[in-house]
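Here is a brisk report on one protein chain. Look at the fold first, then follow the text.

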Amino acid sequence: MILACHGISKSFGENVIVTEGSFHIEDHEKAALVGQNGAGKTTLFKMIVGELPFDGGEVVLTKGKTLGYLAQHQDMVSGSTIYEEVKLAKADLIAMEQKIRSIELELKSLEGDALAVRLETYHRLSAAFERENGYAYESEITGVLKGLGFCEEDFSKPVATLSGGQKTRVSLGKLLLTKPDILLLDEPTNHLDLNSIAWLETYLLNYPGAVLIVSHDRYFLDRVVTKIIEIEFGKLMTYMGSYSVYAEKKRSLREAKLKEYLNQQQEIKHHEAVIEKLRSFNREKSIKRAESREKMLEKIKPVEKPMEMNTRIHLNLEPSRQSGSDVLTVESLGKSFPNQVLFTNVSFEVKRGEHIAVIGDNGTGKTTLLKILNQVLPADTGSFTLGTNVEIGYYDQEHHVLHMDKTIFDEISDDYPDLTNTKIRNMLAAFLFTGDDVFKRIGDLSGGERGRVSLAKLMLSRANFLILDEPTNHLDITSKEILEKALNDYTGTLLYVSHDRYFINQTATRILDLVNHTFVNYIGNYDYYLEKREELTAVYAGSKEDTSPDAQSVSEAKLSWQEQKEAQARERKRRNDLKKTEERITALEERDTEIDGMMALEEVFTNSVRCQELADEKAAITAELEELYERWEELGT
């Protein structure tokens, strides 16, 4: 065991964060701390690292072990470049290296005992330097920075000029290179693109120390952790397994607890009815029996009613009218900024009812594409056309159309006066605004909170073409699940940018991957994209560095979007046909073996009519199998 929390309690006035909560982390264990926004995850982290005092209990870190903490928001003040700042993580190694070099210079002028003593120090330091992989620390720094999405041109950028998200990535890289015995990471995948998240997953899976993570990224948690610590209504509960295992166990436990509560309530009501009836007889014996039953009732230990989360909230998202079949046609679209080409000659179509996720590395132009489609930015080249009766609902985290002087509740009710108070509160609760929160002024909200209000408004807009930029940012897992259900039930068309792989897997029927200045089209969800990414990227996107005449001719000969779609549809059909053929072959081979067994039975081989029937069936099986084997070979190539 490396870290333990025993009986931790913390409150802010009447707001109880945790009451006598306990959990522990074993050496090398990968665990997650989960709970709704506001449940107290970050507060618990701050208590563990000593930034906040706790009201009761204790935190125990095993003697001699080191702890590293990544907060959600970084206020990094530094005059260094990115590389110089991250290199500070190796300060001890660098100091050791300088000491070794200094001793090497001294050795030339030493002799006798002094030389022997200095040599012993030199060999000890050299061994320690090699043991700490000192000769590779520069390449290790480079590998971590590139893994977190920085290119070599970024290494010399001053930290002071970076955005908050970039500073968080610098802090994460510095922390990983420090290699503490236990890492506490608060939302480490925020500000990372898909490739960087995948790199971080692999890094943490191979990390020799323990890891405790706060994250709303369910795909990430499923890949990395083997223990879930849940904070809910001031209580801590531990579940072994991945996030998916935890979610299923939690659902089962909640259902069992609710059933137990309802059964007990039914039993109590029965006792109370009997007691009331016995007392109504107003006889000595009946009164005594009533009193006896009352004593029995008093001895029943009440089962606590499970507290309800907002999982029962259902968002009904429906367009006001149906669009035409062709929703969007993009032709030869291109966009560049000074010294940066985002995409060139991009063409694709969007049909009614499609749910399309746009993915790609940070800075490739995904959000820019959405802004062009919503006429916030102009394209440099090409054009796009909206279909008949298309009504766009646009969610852009940078352009919220909100009234700063209104309350959250009034912002919704003024735009949708026909909604009842209950419907407005249910919608806002799905986006984490409950109780008196709904009466907060828009102007007093954080950027993330304003984003959630805008998303709530959009869900009520009844548009038939939703264009969303990172819709799950600032949502906890429960709210993401509510949004996923609403979007999956939505009969309109959906185009969105997201880094949330679980969300993409649940809601997308098609993926556009922006890579090497162009889009690669995948007819499927995120799992299908992972399966086909390497193959299709090589065919349709090539390498951005390859500008030879041959490469240009290949580029000109690339399949159109429709041909890509048809090719992928044919591939899916081939795989389905192959699977069905294999299943049919297996069934026929099993029946053939079964017939052989039957024909060895006396009651069968002595019955000439039955023998002939089985022989005919066996012959038919043999003939069909011959055809199926040929078909299987064709489909398998």
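## A residue to start with

In which helix does Asp596 lie? Asp596 lies in helix H19, residues 561-599. Helices here are DSSP runs of H or I with at least four residues, strands are E runs of at least two, and both are numbered from the N terminus. Asp596 is partly exposed because its relative accessibility is 39%. Buried means under 20% relative accessible area, exposed means over 50%, and partly exposed is in between (1.4 Å probe, protein chains only). Asp596 and Leu614 are 18 residues apart in sequence, with 8.9 Å between their C-alpha atoms.

## Basis of the model

The model is predicted, so local features need pLDDT of at least 70 and side-chain atom pairs pLDDT 80 or more, while totals for chains, interfaces and linings use all residues. Numbering runs from 1 along each chain as its sequence is written, and side-chain values use heavy atoms, without hydrogens or water.

## Overall shape

The protein chain has 21 helices and 18 strands. Its radius of gyration is 32 Å, well over the 26 Å that the globule rule gives for 637 residues, so the chain is more spread out than a compact globule. The radius is taken over C-alpha atoms, and the rule is 2.2 Å times the number of residues to the power 0.38. Along the principal axes, the C-alpha atoms fill a box of roughly 110 × 85 × 70 Å.

Buried residues make up 45% of the 637 residues. Among contacts with a separation of 6 or more, 69% join residues 24 or more positions apart. Contact means heavy atoms within 4.5 Å. The chain exposes about 33200 Å², and carbon and sulfur atoms supply 50% of that area. Areas come from the Shrake-Rupley method with a 1.4 Å probe; for residues, only the protein chains shown count as cover.

The largest nonpolar core holds 51 residues. Leu145, Leu183, Leu185, Leu204, Phe220 and Ile228 touch the most other members. Helix H3 (residues 91-107) gives the most to this core, with six residues. A nonpolar core is a set of buried Ala, Val, Leu, Ile, Met, Phe, Trp, Tyr and Cys residues joined through side-chain atoms within 4.5 Å. A second, separate core of 48 residues includes Ile408, Phe431, Phe503 and Ala508.

Leu183 has contacts beyond its neighbours within four places in sequence, including Gly68, Leu204 and Tyr207. Helix H5 (residues 137-147) has buried residues, among them Tyr137, Ile141, Val144 and Leu145. The buried residues of H5 pack against helix H2 (82-87), H3, helix H6 (164-178) and helix H7 (194-205).

## Positive phi angles

Most residues other than glycine have a negative phi. Lys179 has a positive phi near 55° and is not a glycine. Lys179 sits in the loop between H6 and strand E6 (182-186). Arg462 is also not a glycine, and its positive phi is about 65°. The loop that holds Arg462 runs between helix H14 (447-459) and strand E15 (465-469). Gly149 follows H5, with a positive phi near 95°.

## A buried glutamine

Is Gln264 buried or exposed? Gln264 counts as buried because its relative accessibility is 8%. Gln264 is found in helix H9 (residues 243-281). Not counting residues up to four places away in sequence, Gln264 touches Ile300, Lys301, Pro302 and Val303. Thr420 is 156 residues from Gln264 along the chain, and their C-alpha atoms are separated by 35 Å.
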